[in-house]
Amino acid sequence: MSDVNKTIQKWHASFRKGTDFDSWGQLVEAIDEYQILARQLQKEVQSTNPSDFTEDQKKTLGKFATCLEMRSSALQCTQSQEEFKLEDLKKLEIIIKSILTYNKDFPFDVQPVPLRRILAPGEEENLEVEEEEDAATGAGSPESFPNRVPVLQGTLLPRLPSEPRMSLLTIKIDKIGLKDAGQCIDPYMTVSVKDLSGIDLNPVQDTPVATRKEDTYIHFSVDIEIQRHIERLPKGAAIFFEFKHYKPKKGFTSTKCFAFMEMDEIKPGPIVIELYKKPTDFKRKKLQLLTKKPLYLHLHQTLHKD
């Protein structure tokens, strides 16, 4: 079986898993599966590498991802009337199953979610020198920026419903210390939960763009609701925080550094964690500190128990 067919088979299995959870009433698990699959499809759509998919097929995948997001939103909505029903979503199974040969109009009038360009880890390794140059020469005026879609409002999700004897975690991202904090344009954090193999366990969330900078700090003051009960996270899981900013000379959003928190560090109260050089190492095998200076990511944790 070719790599592309394996990928499609994996997407289809994920779709079936999500709709099964949905039909069984396991809404938290369904939302997880839908949002993880939506992100995988969006990554394929925005990939600049040679692709096995045509532009039309990528547009279809983008619309499919939009429908997954719509169903996720419907499941999280407290209103009684669902905007996008499970029966509607199930009509799309034939598309994800046979995307290479599907040639009909998309059954729903939706548009792909606008995407910003995100660098692959290999690309990011070559940008250290360029970042130093940006800091030294200044990044230019906002009017000169190429067209892009900044994540000004973020993609944060609400807290999950409580369950007996289960704990939920809220992490407040207070601030990050960087030597060139004032030079960072449209800075934000991407928060994800990964297993030891670097696989997403939860939907990935972006914070809104931070607007307050002070000396060597960028202030976020934003709460992240971890989208799984702590007791259901597997052994070896970790919560990752990727600091990203816009690079006007290159016209893309780049990861500057990252930090992570392991399960034994989950406890109420403030915590300060170290920053590491990109590319983000989700497997935590080859870690390099960003700087020897006392600059860290400052967080505050709150545990909610029913």
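Biologist: Before we look at the first helix, how is the expected span of a helix worked out?
Modeller: The expected span of a helix is 1.5 Å times one less than its number of residues. Please keep in mind throughout that this is a predicted model.

Biologist: Fine. How far apart are the end C-alpha atoms of helix H1, and what should the helix span?
Modeller: Helix H1 covers residues 3-24, and because its 22 residues should span 32 Å at 1.5 Å a residue, the 32 Å between its end C-alpha atoms agrees with that expectation.

Biologist: Which residues of H1 are buried?
Modeller: The buried positions in H1 are Val-4, Ile-8, Trp-11, His-12, Ser-14, Phe-15, Gly-18, Thr-19, Phe-21 and Asp-22.

Biologist: What does Glu-93 touch, leaving aside its neighbours within four places in sequence?
Modeller: Glu-93, which lies in helix H5 (residues 93-97), is in contact with His-12, Phe-15 and Arg-16. Glu-93 and Phe-15 are 78 residues apart along the chain, yet their C-alpha atoms are separated by 7.6 Å.

Biologist: Switching to the strands, what is the order in the open sheet that contains E7?
Modeller: That open sheet has five strands in the order E3-E2-E6-E7-E9, and the pairing is antiparallel. Strand E3 (205-206) and strand E9 (276-277) are at the edges with a single partner strand each, so one side of each has no neighbour in the sheet.

Biologist: How many bridges join E7 to E9?
Modeller: Two bridges join strand E7 (residues 252-262) to E9, and the two strands run antiparallel; Phe-258 is the residue that stands opposite Tyr-276 in E9.

Biologist: And on the E6 side, how many bridges are there?
Modeller: E6 and E7 pair in the antiparallel sense over ten bridges, and Ile-239 has Met-261 in E7 as its bridge partner. The hairpin of E6 and E7 has four residues between the strands, and in this hairpin Gly-251 takes a positive phi near 75°.

Biologist: Is E7 largely enclosed or open, and why?
Modeller: E7 is largely enclosed by the rest of the structure, because ten of its eleven residues are buried.

Biologist: Which residues have the most contacts inside the largest nonpolar core?
Modeller: Inside that core of 32 residues, they are Ile-173, Ile-176, Ile-239, Phe-241 and Leu-297. The elements giving two or more residues to this core are E1, strand E2 (185-194), strand E5 (217-225), strand E6 (238-247), E7, E8 and E10. A second, separate core has 29 residues, including Phe-15, Ala-65, Phe-84 and Ile-96.

Biologist: And what does Leu-297 touch?
Modeller: Not counting residues up to four places away in sequence, Leu-297 touches several residues, among them Ile-173, Ile-176, Met-189, Phe-241 and Ile-271.

Note on methods. Residues are numbered from 1 along each chain as its sequence is written. This is a predicted model: local features need pLDDT of at least 70, side-chain atom pairs count only at pLDDT 80 or more; totals for chains, interfaces and linings use all residues. Side-chain values use heavy atoms; hydrogens and water are left out. Contact means heavy atoms within 4.5 Å. Buried means under 20% relative accessible area, exposed over 50%, partly exposed in between (1.4 Å probe, protein chains only). Two strands pair if DSSP finds at least two bridges between them. A nonpolar core is a set of buried Ala, Val, Leu, Ile, Met, Phe, Trp, Tyr and Cys residues joined through side-chain atoms within 4.5 Å.
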